[in-house]
There are 2 protein chains.
Amino acid sequence: MTKVLWHLTMSLDGFIASKDHSWDWLSKVTFNPGVFDEMVATTGAILAGRRWHDRVASGVEIPPYGGAWSGPVFVLTHHPEDAAPVEGTTFLNCDVAEAVQIALAAAGGKNLEVFGADLARQCLAGGLIDEFYLHLAPVMLGSGLRLFERPGIDPVCWALQHDGDPAQAVDLRYRPVRTGQA
Amino acid sequence: MTKVLWHLTMSLDGFIASKDHSWDWLSKVTFNPGVFDEMVATTGAILAGRRWHDRVASGVEIPPYGGAWSGPVFVLTHHPEDAAPVEGTTFLNCDVAEAVQIALAAAGGKNLEVFGADLARQCLAGGLIDEFYLHLAPVMLGSGLRLFERPGIDPVCWALQHDGDPAQAVDLRYRPVRTGQA
């Protein structure tokens with residue numbers, strides 16, 4: 001079944017990028033083998049924010065999945081007139097619900113992935129996210145771009161997709177990596 | 001073996017308390033059965049910050065593990081003279097390394113738990129934490145007291161204590177809990 005997926009890697013302290021919006025810290029993290037291939041195979045379309053687009057268009061950001069994925073990309077922007085064109089990318093100037101509908105229709109029965117913290121927050125507020133797929137990295141950054149910053153809201157509850165109680169916390173044990181240790 | 005443990009529950013977006021320093025949101029979370037009993041059994045002493053102490057002394061905060069645990073509690077404060085006395089609690093006015101040493105000696109071969117975000121950050125900076133035991137709650141708060149806020153530092157790496165690669169991210173899938181859904 002096709003889903004709208006919010007998919008990202010977060011630091012152990014709740015950041016998705018370092019202060020200069022860099023993803024360099026991800027070089028310290030390894031990922032489960034298979035996740036990359038799974039995402040390339042199951043993603044039908046991408047809906048992204050303008051900041052992400054500008055970074056890809058200028059070469060600061062790599063294309064989705066390092067170029068291993070190809071498919072329609074939609075960028076939600078109020079100013080499509082000054083956006084650099086990229087092959088396969090369509091600019092949308094509409095509300096977020098309509099953008100999700102358009103991108104989902106183009107996904108050919110596969111999943112729609114939402115890229116970008118601001119855009120994902122808008123989708124979440126509109127009840128448009130079906131799944132949050134998180135890779136929790138064993139790194140603390142101390143500052144940067146937050147996963148989720150919405151002061152004044154009520155707590156937003158999620159259900160863990162496993163066999164047990166969906167409201168249950170996940171228990172994780174870490175030891176610090178000290179200088180000179182692997 | 002006795003350890004210095006940083007043990008807490010964090011929201012999915014990196015907060016440990018809501019904006020008013022309340023832990024009320026924890027009522028939305030369930031915990032693995034056995035964690036509570038394990039912590040009560042393995043904790044020999046607690047080292048806490050002044051804010052936590054003031055909240056316990058004034059009745060805003062419940063005692064450690066709801067009163068199920070008993071043992072020596074040490075509170076690190078530069079102003080012990082105006083702290084409300086609590087039975088079993090010793091005030092320390094020294095550096096954090098000495099405080100950990102004193103509290104660990106009182107733990108009788110069991111673990112020392114560090115309470116409080118500021119204090120834990122100081123212990124971490126001093127290389128005094130042996131384990132970070134995290135319960136990741138399926139709730140986003142959007143604002144509040146951060147787990148870790150240290151702008152300008154290099155990334156702090158942790159090693160996941162499991163059989164696989166310690167630098168590997170943990171993969172977690174959540175679905176949103178929508179109104180009217182369990």
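A contact here means heavy atoms within 4.5 Å. The legends below describe a predicted model, in which local features need pLDDT of at least 70 and side-chain atom pairs count only at pLDDT 80 or more, while totals for chains, interfaces and linings use all residues. Residues are numbered from 1 along each chain as its sequence is written, chains are lettered from A in the order in which they are written, and side-chain values use heavy atoms, with hydrogens and water left out.

**View 1. Chain A as a whole.** Among the contacts in chain A with a separation of 6 or more, 75% come from residues 24 or more positions apart. Chain A holds four helices and 11 strands, where helices (H or I, at least four residues) and strands (E, at least two) are DSSP runs numbered from the N terminus. Its radius of gyration, taken over C-alpha atoms, is 17 Å, close to the 16 Å that the globule rule (2.2 Å times the number of residues to the power 0.38) gives for 182 residues, so chain A is as compact as a globular protein of that length. The C-alpha trace of chain A spans about 50 × 40 × 35 Å along its principal axes. Of the 182 residues of chain A, 49% count as buried, a term that stands for under 20% relative accessible area, with exposed meaning over 50% and partly exposed in between (1.4 Å probe, protein chains only).

View 2. Strand β6 (residues 111-115) of chain A is largely enclosed by the rest of the structure, because five of its five residues are buried. A:N111, A:E113 and A:F115 point one way from β6(A), whereas A:L112 and A:V114 point the other way. Strands pair if DSSP finds at least two bridges between them. Strand β1 (residues 4-10) of chain A runs parallel to β6(A) and is joined to it by three bridges, with A:V4 standing opposite A:L112. Strand β3 (residues 43-49) of chain A also runs parallel to β6(A), joined by five bridges, and here A:A48 has A:F115 as its bridge partner.

**View 3. Cysteines without a disulfide.** A disulfide is counted when a pair of cysteine sulfur atoms lies within 2.5 Å, and the count over all chains is zero. The sulfur of A:C94 lies 11 Å from the closest cysteine sulfur, in A:C123, which is too far for a bond; A:C94 counts as buried, because its relative accessibility is 18%. The sulfur of B:C157 is likewise too far for a bond, because the closest cysteine sulfur, in B:C123, is 20 Å away, and B:C157 counts as partly exposed at 22% relative accessibility.
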